[in-house]
Amino acid sequence: MYTWGYIKDVTLMKLDLDEDEANTLNLMNRFKHYANEAITIICSSVKPKRTFATIVVTKDDIGKPITIPDKDFISFGDDVNRITQTEYNMTIVREATDSDFVHCGYNQIIPYVEGTFIISYNTRWITFLFEDYNEDGVDDGQDDDTDLDVPADILECLPSYIASQCMKVDDDYKAATLRNEFEVMLARIDDTDFKSNKTFSVGGDW
């Protein structure tokens with residue numbers, strides 16, 4: 001796995017600078033901002049992190065919008081949604097259809113039945129944080145030596161994007177070259193997604 005320290009080192013190589021020179025030019029403190037921009041581009045257009053939210057719905061929740069509890073939510077996914085219900089002392093797991101819930105707005109669902117829903121959605125792979133401490137005294141920043149749980153083909157795109165943004169002010173040609181390199185690497189990200197087989201449920205007593 002790659003680390004943030006590795007991402008920084010590759011970015012400095014692409015800029016042809018050492019860390020002291022980059023600090024003097026006030027570039028190092030921009031790296032994580034630009035890395036987050038690149039992650040947004042990648043997750044919104046090519047390869048998001050596909051995951052599921054578990055939402056327990058009671059009779060008091062039916063008909064009310066429920067928000068997906070993920071601050072890095074991007075969009076709903078197209079994998080199979082499921083619901084677990086208990087009927088006659090039996091637990092049944094089945095596919096959730098539009099008779100059970102509907103998507104509502106950006107990041108909400110409206111349930112029509114009780115049960116535990118498993119809802120498909122897309123989120124960010126990572127948000128790079130900064131080296132400051134929260135109110136509990138815990139460092140919120142990623143350490144240079146901590147492995148990043150993100151696919152390698154995504155992380156390898158980041159140095160080219162970061163370097164291109166850093167070069168925009170001083171060298172348009174090099175910035176454009178690095179941005180083109182980023183776009184080429186972006187196009188080569190493996191976005192294969194193996195989903196479950198889907199069964200269509202036709203309403204209306206047909």
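Buried means under 20% relative accessible area and exposed over 50%, with partly exposed in between (1.4 Å probe, protein chains only). These views show a predicted model, in which local features need pLDDT of at least 70 and side-chain atom pairs count only at pLDDT 80 or more, while totals for chains, interfaces and linings use all residues. Residues are numbered from 1 along each chain as its sequence is written, and side-chain values use heavy atoms, leaving out hydrogens and water.

**View A. The largest nonpolar core has 35 residues.** Such a core is a set of buried Ala, Val, Leu, Ile, Met, Phe, Trp, Tyr and Cys residues joined through side-chain atoms within 4.5 Å. Phe31, Ile42, Phe128, Leu158 and Ile162 have the most contacts inside it. Helix 3 (31-45) is one of the helices that supply at least two residues each, and its seven residues are the largest share. Helices (H or I, at least four residues) and strands (E, at least two) are DSSP runs, numbered from the N terminus.

**View B. Another core, of 14 residues, lies apart from the largest one.** Look for Ile55, Val57, Phe76 and Phe101 among its members.

**View C. Phe73 and Tyr106 form an edge-to-face aromatic pair.** Rings of Phe, Tyr and Trp (its six-membered ring) pair if their centres lie within 6.5 Å; planes under 30 degrees apart count as stacked, over 60 as edge-to-face and the rest as tilted. Here the centres are 5.2 Å apart, with 90° between the planes. Phe73 lies in strand 3 and Tyr106 in the loop between strands 6 and 7, so the pair ties together parts 33 residues apart in sequence. Phe73 is buried at 5% relative accessible area, whereas Tyr106 is exposed at 51%.
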